[in-house]
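User: Please go through this model with me, setting each value against the definition behind the word used for it.

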Amino acid sequence: SGACLDQIVRSMKQYPGCDAACQGWVCSSLAKWARNSYHREIIVKNGGLDIILRAMSRYPEDASVQIQACRALGNLCYECEENANALYELGFVAKILNALDKCYAIADVHSKGYYALLMAF
């Protein structure tokens, strides 16, 4: 599964312009893989943090992208201060706040956004 994950992350870096459905699927997949430390390391090493944040910026009003991206960011920060610090440096708090603002009526965006912030603290 490490090789598959590695390939998905590299493909997203090579083809960053895919649509919202594709970006949401990638963020959802990264969120699932980020549930363990081995995969978290692969994701971060291959630029997964940038991929997730870029998806949030590219589709700020797409609730599915925002939900899955916040889930992925929260999972990447779980018990990993290094990832949380890297995300702070990349400005992830502003991305989360923007998601909460743009998708203010979607409760799941709020719950996943708060989850990501909580895991980073």
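User: Which residues in α5 meet which residues in α6?

Analyst: This is a predicted model, in which local features need pLDDT of at least 70 and side-chain atom pairs count only at pLDDT 80 or more, while totals for chains, interfaces and linings use all residues. Residues are numbered from 1 along each chain as its sequence is written, and side-chain values use heavy atoms, with hydrogens and water left out. L73, L76 and C77 in α5 meet N83, A84 and L87 in α6, where contact means heavy atoms within 4.5 Å. The residues of this contact divide into five nonpolar, one polar and no charged; Ala, Val, Leu, Ile, Met, Phe, Trp, Tyr, Cys and Pro count as nonpolar, Asp, Glu, Lys and Arg as charged, and the others, Gly among them, as polar.

User: Why are α5 and α6 called oblique to each other?

Analyst: Helix α5 (residues 63-77) and helix α6 (residues 81-89) pack at an angle of about 135 degrees, with their axes 7 Å apart. Angles under 35 degrees count as roughly parallel, over 145 as roughly antiparallel, 65 to 115 as roughly perpendicular and the rest as oblique, and α5 and α6 are therefore oblique.

User: What makes L53 count as buried?

Analyst: Buried means under 20% relative accessible area, exposed over 50% and partly exposed in between (1.4 Å probe, protein chains only); L53 has 5% relative accessibility, so L53 counts as buried. Leaving aside neighbours within four places in sequence, L53 is in contact with L73, L87, L90, F92 and K95.

User: Why is E79 called exposed?

Analyst: E79 has a relative accessible area of 67%, and is therefore exposed; the place of E79 is in the loop between α5 and α6.

Definitions and conventions
Axes fitted to C-alpha atoms, helices over the stretch in contact; angles between N-to-C directions. Helix = DSSP H or I, 4+ residues; strand = E, 2+ residues; numbered from the N terminus.
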